[in-house]
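Please read the following report alongside the sequence and the structure.

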Amino acid sequence: MPSLNVGIGSYLPRAHYQIPPAIDEEKERKIREMKEKEEMHLNADQLRDVLRQERMRSGKLLHDLNLLRKSFISQQNDSEAEEERLVNGMMKRLDCVKKEKEQMIIGFGFGREEAMISKFGKH
C-alpha cells in the first residue's frame, strides 16, 4: 500500500483506501510466508533487526492512521459547518420571502379597501 503522507484536512484519492484485489492479497500472503520461513533461520541479532524494522513500520502505520482520523474529523467538521451555513442562508431567504408575501398581502388588502371606499363613497 502506498505511503499515506497526508496533512490534516487533506483529501486522499480513492486508490489510497480501496481494498486490494484478491490477487494482490495472495501475493502478499506468499511473501509473508517466505519471510517467516527465512526468519526461522536467523540468529538473535538478525531477529532484533527484523523486530526493529517491524516496530518502525508499525509506528509509521499508527502515525498514518492518526493522520487519517484527524483528517476525517476535520472534513466532517467542515461539512457540518458548510451544512449549517447553507441552512442559515436558506432560513434567511425564507424569512425574506415571508416578509415579501406579507407586504404583498397587506398592499393588496389596502388597495382593495381604498377601491371599495372610493367606489361606495361616490354613491
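In this predicted model, residue E39 belongs to helix α1. Its relative accessibility is 29%, so E39 counts as partly exposed. Between E39 and V50 there are 8.4 Å in space, taken from C-alpha to C-alpha, and the two residues are 11 apart in sequence.

**Salt bridges**

Across the whole structure, a search finds six salt bridges. Three of them are listed here with the distance between nitrogen and oxygen.

| Salt bridge | N to O distance |
|---|---|
| R29 and E26 | 2.3 Å |
| R48 and D45 | 2.8 Å |
| D64 and K60 | 3.1 Å |

The sequence spacing of each pair deserves attention. R29 and E26 lie three residues apart in helix α1, so about one helical turn separates them. R48 and D45 are likewise three residues apart, but in helix α2, and this spacing also means about one helical turn. For D64 and K60, the separation in helix α2 is four residues, which again corresponds to about one helical turn.

The partners can also be described by their accessibility. With a relative accessible area of 4%, D64 is buried, because buried means under 20%. K60, its partner in the salt bridge, has a relative accessible area of 38% and is therefore partly exposed. Salt bridges with shared partners link E26, R29 and E33 in one network. R48 and D45, by contrast, are both exposed.

**The largest pocket**

What is the volume of the largest pocket? The value is about 420 Å³. Its lining consists of 10 residues, and those nearest the centre are E28, R32, K35, E54 and R57. Two elements, α1 (22–39) and α2 (44–121), each give two or more residues to this lining. The largest share, six residues, is supplied by α1. Sorted by class, the lining holds seven charged and three nonpolar residues, and no polar ones.

**A nonpolar surface patch**

Which residues form a nonpolar patch on the surface? They are V87, M91 and L94, and together they have about 260 Å² of accessible area. M91, one of these residues, sits in helix α2. Its relative accessible area is 46%, so M91 is classed as partly exposed.

Key:
Residues numbered from 1 in each chain as written. Predicted model: local features only at pLDDT ≥ 70, side-chain atom pairs only at ≥ 80, totals over all residues. Heavy atoms only, no water. 1 Å grid on protein atoms, 1.4 Å probe; cavity = no way out; pocket = protein on both sides within 12 Å on 5 of 7 lines; lining within 4 Å. Points joined across faces, edges and corners; volume = space filled by probe spheres on them. Nonpolar A, V, L, I, M, F, W, Y, C, P; charged D, E, K, R; others polar. Patch = residues over 30% accessible without salt bridge, like charges linked within 9 Å, V, L, I, M, F, W, Y side chains within 5 Å. Areas by Shrake-Rupley, 256 points an atom, 1.4 Å probe, with all protein chains shown as cover. Salt bridge = Lys/Arg side-chain N within 4 Å of Asp/Glu carboxyl O. Buried < 20%, exposed > 50% of the residue type's maximum accessible area, 1.4 Å probe, protein only.
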